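The following exercises ask the reader to examine one protein model step by step. Each task is followed by a worked solution.

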Amino acid sequence: FNTFNTTIITNNLRMALPFLPGHSTNSNLGVDNFRKPHAFDMRNGVPVFVGEEKPGIGGKALPGQKIAPKSKIVPNGAGQSAPSWVVHDRQVLRFSAYFQEAVHEKREEKYRIRNCTILYYLEDDSIQVNEARQENSGIPQGTLIRRHRIPQPPPSDDQFYTVEAFNVGNSVTLYSRSFTIRNCDAFTRNFLTKSGIKVPGAESTEPADPTSYTGNNRLQPCSLTDLTRSAIL
């Protein structure tokens, strides 16, 4: 008998025999996986309890436990199966996003809007965030987050971000900073659509930035002539 037939016979015996000493069957009959998952992980040299979402012995869910899937949803390819780093080699999802940064050093502005680009690498689920450099902005720009896998915010910090979290209109929190996705390129929209994810249209209006360096309401620097004129008056 195989494992499936053994399980059926075991279940039938449970229903037929009364629950009395000598009449109960072994529930582990035909089971060959008795591995017990660990409940602690080492993070920065400190043991952290991570056993809340771990399954029981043999990978079975505990009573009342719902195990969240940790694998991403990608379209099924034709032909032989291959690892993700081969199928999605050099395939990158590109999202246009922004985040709001509070300003405490200046009286003229309370916040500023910073536009950036989120790159999601399909081959290893790594993420990179870049911001276009603006000349003479006085703000550290360029690569805001280097490419690596980013964990989700607590209480799901034992899981990493997957492609399902990124879509137009969504907000993702990367290291306590909330990014709002406004748009994506054609390849990204086509990939998400084939994956069964509905992609909304791009946001037509940009978020208002009172201190935009390209708008008409930008803060104008005070010249030496203005200082001299105000001192004379």
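Two residues are in contact when they have heavy atoms within 4.5 Å of each other. This is a predicted model, in which local features need pLDDT of at least 70 and side-chain atom pairs count only at pLDDT 80 or more, while totals for chains, interfaces and linings use all residues. Residues are numbered from 1 along each chain as its sequence is written, and side-chain values use heavy atoms, with hydrogens and water left out.

**Exercise 1. State how confident the prediction is, and where confidence is lowest and highest.**

Solution.
Step 1. The term pLDDT denotes the predictor's confidence in each residue, from 0 to 100. The mean pLDDT of the protein is 76, and 70% of its residues reach 70 or more.
Step 2. Confidence is lowest in helix 1 (residues 3-16), with a mean of 53, and highest in strand 5, with 93.
Step 3. Over residues 214-219 pLDDT stays under 50, and the model has six contacts beyond four places in sequence for this stretch. Where pLDDT is low, the predicted coordinates should not be read in detail.

**Exercise 2. Determine how many helices and strands the protein has, and in which pattern they follow one another.**

Solution.
Step 1. Helices (H or I, at least four residues) and strands (E, at least two) are DSSP runs, numbered from the N terminus.
Step 2. The protein has four helices and eight strands. Along the sequence they give the pattern α-β-β-α-β-β-β-β-β-β-α-α.

**Exercise 3. Describe how strand 4 pairs with strand 3 and with strand 5.**

Solution.
Step 1. Two strands pair if DSSP finds at least two bridges between them.
Step 2. Strand 3 and strand 4 run antiparallel and are joined by 11 bridges. Valine 92 stands opposite tyrosine 121 of strand 4.
Step 3. Strand 4 also pairs with strand 5 in the antiparallel sense, over five bridges. Here leucine 119 has glutamine 128 in strand 5 as its bridge partner.
Step 4. Strand 4 and strand 5 form a hairpin with four residues between them, and aspartate 125 in the turn has a positive phi of about 60°.

**Exercise 4. Identify the residues with the most contacts inside the largest nonpolar core, and the elements that build this core.**

Solution.
Step 1. A residue is buried under 20% relative accessible area, exposed over 50%, and partly exposed in between (1.4 Å probe, protein chains only). A nonpolar core is a set of buried Ala, Val, Leu, Ile, Met, Phe, Trp, Tyr and Cys residues joined through side-chain atoms within 4.5 Å.
Step 2. The largest such core has 25 residues, and Phe95, Ile118 and Phe166 have the most contacts inside it.
Step 3. Two or more residues each come from strand 3 (92-102), strand 4 (111-121), strand 5 (126-131), strand 7 (171-174), strand 8 (177-184) and helix 3 (186-194). Strand 3 gives the most, with four residues.
Step 4. Beyond its neighbours within four places in sequence, isoleucine 118 is in contact with residues including Phe95, Ile127, Phe166, Val172 and Phe179.
Step 5. Strand 4 is mostly covered, since nine of its 11 residues are buried. In the protein as a whole, 26% of the 233 residues count as buried.

**Exercise 5. Which polar contacts do the side chains of threonine 188 and glutamate 131 make?**

Solution.
Step 1. A polar contact is a pair of N or O atoms within 3.5 Å; within protein, one must be able to donate a hydrogen and the other to accept it, and residues adjacent in sequence count only if both atoms are side-chain atoms.
Step 2. Threonine 188 lies in helix 3 and is buried, because its relative accessible area is 0%. Its side chain is joined to that of aspartate 185 by a polar contact of 2.4 Å.
Step 3. Glutamate 131 belongs to strand 5 and counts as buried because its relative accessibility is 7%. Its side chain makes a polar contact of 3.4 Å with the side chain of glutamine 141.

**Exercise 6. Is serine 176 buried or exposed?**

Solution.
Step 1. Serine 176 is found in the loop between strand 7 and strand 8. Its phi is positive, about 65°, although serine 176 is not a glycine.
Step 2. Serine 176 counts as exposed, because its relative accessibility is 78%.
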